[in-house]
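Reader: Could you walk me through this model, one question at a time?

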Amino acid sequence: MSRFDGKSYFVTGAANGIGAAVCRKILSEGGAVSALDVDAAGLTALENEFGNERFCGLVGSASDASDIDQSINAAIESFGAVDGAVCCAGLVGVSSPIHEYPLETFDQIMDVNVRGPF
């Protein structure tokens, strides 16, 4: 019996980096993943790697409540439940003096990095 057998997880930022590594770990140990990311190609690559029996990818933003709801509902429909969440979506800003920092960039970072996990 593997550590994640019979468990289902919701992962944001799932298509690359740490998020993809988290998906691979959960899937390799028997769990199921509902993945959310803006990178459609990355999600498709994971689905091709693991199949869609225990992987459900949705293209969307971790800062969009309706995208999160759709992904969680897809997990419940596909796997029966969501046992945990791993919030890996994140953005890195630009380096500039605070008085020159683009407000639009700040808002986008706050939406993904703070509001998304909330």
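Reader: Leaving aside neighbours within four places in sequence, which residues is Glu 29 in contact with?
Author: Happy to start there, with a word on the ground rules. This is a predicted model, where local features need pLDDT of at least 70 and side-chain atom pairs count only at pLDDT 80 or more, while totals for chains, interfaces and linings use all residues. Residues are numbered from 1 along each chain as its sequence is written, and side-chain values use heavy atoms, with hydrogens and water left out. Taking contact as heavy atoms within 4.5 Å, the partners of Glu 29 are Ser 2, Arg 3, Phe 4 and Asp 5.

Reader: Is Glu 29 buried or exposed?
Author: Glu 29 lies in the loop between α1 and β2; helices (H or I, at least four residues) and strands (E, at least two) are DSSP runs, numbered from the N terminus. The cut-offs are under 20% relative accessible area for buried, over 50% for exposed and partly exposed in between, with a 1.4 Å probe and protein chains only. Because its relative accessibility is 15%, Glu 29 counts as buried.

Reader: And Ser 8, is that buried or exposed?
Author: Ser 8 sits in strand β1. With a relative accessible area of 3%, Ser 8 is buried.

Reader: How are α1 and α2 oriented to each other, roughly parallel or roughly antiparallel?
Author: Their axes, lines fitted to C-alpha atoms over the stretch in contact, are 12 Å apart at an angle of about 20°, on a scale from 0 to 180 degrees between N-to-C directions. Angles under 35 degrees count as roughly parallel, over 145 as roughly antiparallel, 65 to 115 as roughly perpendicular and the rest as oblique. The two helices, α1 and α2, are therefore roughly parallel.

Reader: Which residues of α2 make the contact with α1?
Author: On the α1 side, the contact is made by Ala 20, Cys 23, Arg 24 and Leu 27. From α2 come Leu 46, Glu 49 and Phe 50.
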